[in-house]
Amino acid sequence: MNDLRVNNISRSFGGLQALQGVSFDVASGNVHGLIGPNGAGKTTLINILSGVLAPTSGEVFYRDQALHRVPAHRVAAMGVARTFQNIRLFPTMTCLENVQAGHHLTAPRPLLPRLLRLPSAGREDRELAAKSRGILARVGLDAKDSHLAKNLSYGERRRLEIARALSFRPRLLLLDEPVAGMRRAEAAEVANLVRSLAGEGMTILLIEHNMSFVMNLCSRITVLNFGRVITTGSPEEVRGHREVIEAYLGSGGHDA
Amino acid sequence: MLEQLAQFYAVYGSVINFIGINALLALSLNVTLAAGMLSLGNAAFAGLGGYAAGILTIYFKLPYVVSLCGGALVAGIVGLVLGLPVLRLRGVFLAMATLAFGEVVRIAAVNLDITGGAEGLTGIPNVTKTWIIYLTLAGTAYFMAVLRSSKLGWALVSMREDETAAACLGIHVTYYKVVAFTIGAMIAGLAGGMYAHLNYLITPRDFGFFIAVDLLIYNIVGGTRIWYGPILGAALITALPEILRGVGVTAGPIRMGVNGLILLLVILFLPNGLASIFARVRPAAAKAETA
């Protein structure tokens, strides 16, 4: 079964055609990679899939629900979470608070019982804090729960963003360069996390420039170049594809 | 002792009242500031509430509390109607639009008959008591303190930190902006109604541009991130002329200069406001741990 169906999506910014007729499917429970040289339109596509941008034309279906032209907060409510290439944390909140804030869709946190100091409010907050610590532990940040997000290292901030995205239990996770700037050991931890999430049935679409990370982790890969899909296939198929090699290495008359 | 207290109140009663009302106005602005919205319309909402409450008392002979609620309601409804289109704007553009709204309210008050024109609405009974002001302030401060832990409060702070990220977590940004704007307008309207019933009269000048900026100064000086910040700021700036007089400096022209100096010092040395002196200073603690 396909979770996500991208059908003939185009998007232009003024005269720039960022995406042209992009189509591919992401199967349920799969880890699907999205690769391509800089400026290929990968992040634009993630922005469209998460409702941050509307496509100029084309359709996206998530579990047979139309997703194009749905605003970001409703896309999230459909069970789609994302991270950002240029990391968008809540900088002056602690790690724990970032994850607590991420529970907007799943934690009711009503105002009235809090104004009346009912015990249910305190209980909800304690349960939520415990749950949030558990999510932090999954990305290896449980020891830093009281640190401000802006004081974390680059790799830690990326992992915190994943933790925040996980907080409302999405069924589709869009990761925009999850291991960029990470040390190898740190990247391997993220790879393990992605594997275990997929094992729990979560569908994951990820953009990444780190080829060994993508090739080891993804069961299917879509390659974009200049806003068009070159190919979608298994890592082996993609690795051997002539146009993919040209797009990455150039075709300046060298023999392969 | 009690006698001295009574004497103090007899001399400084009006300053004490104005501290309370200004603190309430500062809190009304804080609701929107907490969500990262810079609005300069809260003085106008206070004016709307003040005029509406005054008119309800004078022309409709309604009891004080009902008039106050009516004033808050009018300000809230106008806030809702204004908020829907205006809150698509961000940052300085929102400030400009709300500033323009403030001018519209002022000009309307000058030109309408029911508001008494430029001379203002006179003959409002002065029934606002100090304990009413401070009871309302305490209630509002409690509301603001509790708000932070609710779904609404988390959403507002998330939006202040990063609007796009907040939207991608399922937070309906425009909805929560309008809610915050309306709550702020209602609190401002309530404060305006109490002001009108304190002073016998209310004039278009009472809620002009400079008042709108004063509300912002209260927040910056006191600190926007915790409920008592705006109250501290309002208390200090409002009491300042009296304090200066106490040390032998006649207020007047230099008052604005002293306000400016305080603002500058706070921005330079206490970017999170006076409240950060009292708050458990989290950033420093976090820094110490990483060091």
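Visitor: Which residue in the turn between β9(A) and β10(A) has a positive phi?

Guide: Strands in a sheet pair through backbone hydrogen bonds, in either a parallel or an antiparallel sense. Here β9(A) and β10(A) make a hairpin with two residues between them, and Phe226(A) in the turn has a positive phi of about 50°. The two strands pair in the antiparallel sense over five bridges; pairing requires at least two DSSP bridges between the strands. In β10(A), Val229(A) is the bridge partner of Leu224(A). Strands (E, at least two residues) and helices (H or I, at least four) are DSSP runs numbered from the N terminus.

Visitor: What conventions apply to the model and its numbering?

Guide: The model is predicted: local features need pLDDT of at least 70, side-chain atom pairs count only at pLDDT 80 or more, and totals for chains, interfaces and linings use all residues. Residues are numbered from 1 along each chain as its sequence is written, while chains are lettered from A and ligands numbered from 1 in the order in which they are written.

Visitor: What is the strand order of the open sheet in chain A?

Guide: The order of its six strands is β6-β7-β8-β3-β9-β10, and the pairing is mixed. The edges are β6 (80-82) and β10 (228-233) of chain A; each has a single partner strand, so one side of each is left without a neighbour in the sheet. On average, neighbouring strands are turned by 15° against each other, direction ignored. For a parallel pair, take β7 (residues 172-176) and β8 (residues 203-207) of chain A, joined by five bridges. Leu175(A) has Leu206(A) as its bridge partner in β8(A).

Visitor: Which strands does helix α1 of chain A lie across?

Guide: Helix α1 (residues 42-49) of chain A lies across β3 (31-35), β6, β7, β8 and β9 (220-225) of chain A, and runs at about 150° to β7(A). Angles run from 0 to 180 degrees between N-to-C directions, and axes are lines fitted to C-alpha atoms, for helices over the stretch in contact. Helix α7 (residues 184-199) of chain A also packs on the sheet: it touches β3, β7 and β8 of chain A, and its direction makes about 150° with that of β8(A).

Visitor: Is Ile46(A) buried or exposed?

Guide: Ile46(A), a residue of helix α1 of chain A, is buried because 23 other C-beta atoms lie within 10 Å. The cut-offs are 20 or more other C-beta atoms within 10 Å for buried and 12 or fewer for exposed, with partly exposed in between; C-beta atoms are placed from the backbone. Leaving aside neighbours within four places in sequence, Ile46(A) is in contact with Arg82(A), Leu174(A), Asp176(A) and Ile207(A). Contact means C-beta atoms, placed from the backbone, within 7 Å.

Visitor: Which non-glycine residues have a positive phi?

Guide: Among them are Arg69(A), at about 65°, and Tyr200(B), near 70°. Arg69(A) is in the loop between β5 (65-66) and α2 (72-77) of chain A, and counts as exposed because it has 11 C-beta neighbours inside 10 Å. Tyr200(B) is in the loop between α8 and α9 of chain B; with 14 C-beta neighbours inside 10 Å, Tyr200(B) counts as partly exposed.

Visitor: How is the packing of α6(B) and α8(B) described?

Guide: Two packed helices are described by the angle between their axes and the distance between the axes. Helix α6 (residues 151-161) and helix α8 (residues 173-196) of chain B pack at about 110°, with axes 10 Å apart. They are therefore roughly perpendicular (65 to 115 degrees; under 35 is roughly parallel, over 145 roughly antiparallel, the rest oblique). On the α6(B) side the contact is made by Leu152(B), Ala155(B), Leu156(B) and Met159(B); on the α8(B) side, by Val173(B), Tyr176(B), Val179(B) and Ala180(B). By class there are eight nonpolar, no polar and no charged residues. Ala, Val, Leu, Ile, Met, Phe, Trp, Tyr, Cys and Pro count as nonpolar, Asp, Glu, Lys and Arg as charged, and the others, Gly among them, as polar.

Visitor: How many residues of chain B are in contact with chain A?

Guide: 26 residues of chain B are in contact with 28 residues of chain A. On the chain B side, α5 (130-147), α6, α7 (163-167) and α13 (282-290) each supply at least two residues. The largest share, six residues, comes from α6(B). By class, this side of chain B has 14 nonpolar, seven polar and five charged residues.

Technical notes. Two residues are in contact if their C-beta atoms, placed from the backbone, lie within 7 Å.
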